Amino acid sequence: MSRSLRRGALAATAIVFSIAALSACGAGMNAQTLEVRPDNAETTVDSIKIQNATVLIQPQAEAEGPAVVSATLFNTGSQPQTLDAITLPGLSAPVKLSAAKGSGSITIPAQGSIIVGGAGNAAAVIEKGEEASKNAGGVQNVVFRFSETGDVNVQALVLPAKSYFEGYGPSTLPKPSEKPSTEPTGTPSGTPSGSATGQAGEPGNGQSGEPDTASDSASASQSAGH
């Protein structure tokens, strides 16, 4: 084998080993891609895992209206669990829970997951959204209470329901305030009822024309001459 062929074979072998090493970094349980974590809060207690916990407030600053708690709930156990309550320690705002369908409880199936927040999903509505808005841009302690695991605490970001979070935010938004109209709504209903019937200078109309006495004097002098 010539020297040029040997150098080519060695280069090809080095490339194959490099590709294999890179592939190993992206596969398997210890893959680097599995180390990617969401920006929002997550925690795991027993068989319950909470991910992307967020308190979403009104998109407009100081707007009145409800807020919501959004999160993804995982159950790695062999039995289903129900989400019995969500509380916000330090705030008096109650959180109303409702299932995705019907009025039943929010159930996380065994070896399954559910999403809280967003169209067609379970909902956790903070009725006094203005209280949650006080922590806008910060964090809020949120307690999820499950039927078997009990209380699970997580520090959730408090963010406005904009951009990516718009579809998961409050479904009830404040209506824009109506501006009073500055244009008059009525039109003048009256019109002048009188009009001049004669023209100035027209004899015999009793207006500001020449008096009729001049013609009467001329007629009297002609009668005296005859």
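Over which ring does the charged end of K49 sit? The model is predicted, and in it the answer is F74. The charged end of K49 lies 6.0 Å from the centre of that ring.

Now turn to rings that meet other rings. A pair of aromatic rings is described by two things, the distance of the centres and the angle of the planes. A search of the whole structure turns up 1 aromatic pair. Its members are F144 and F146, with ring centres 6.5 Å apart. Their planes stand at 15°. Planes under 30 degrees apart count as stacked, so this pair is stacked.

Is F144 buried or exposed? Its relative accessible area is 0%, so F144 is buried. F146 has a relative accessible area of 2%. The cut-off for buried is under 20%, so F146 is buried too.

Next, step back to the chain. It has 226 residues, and buried ones make up 27% of them. F144 and F146 belong to that buried group. The chain exposes about 15500 Å². Carbon and sulfur atoms supply 53% of that area.

How many helices and strands does the chain have? There are 3 helices and 10 strands. Follow the sequence and the pattern reads α-β-β-β-β-β-β-β-β-α-β-β-α.

Finally, look at the contacts. Take those between residues at least 6 apart in sequence. Of these, 64% join residues at least 24 apart.

Note on methods: Residues numbered from 1 in each chain as written. Predicted model: local features only at pLDDT ≥ 70, side-chain atom pairs only at ≥ 80, totals over all residues. Heavy atoms only, no water. Phe/Tyr/Trp six-rings, centres within 6.5 Å; stacked < 30°, edge-to-face > 60°. Buried < 20%, exposed > 50% of the residue type's maximum accessible area, 1.4 Å probe, protein only. Lys NZ or Arg CZ within 6 Å of the ring centre and 35° of its normal. Helix = DSSP H or I, 4+ residues; strand = E, 2+ residues; numbered from the N terminus. Contact = heavy atoms within 4.5 Å. Areas by Shrake-Rupley, 256 points an atom, 1.4 Å probe, with all protein chains shown as cover.
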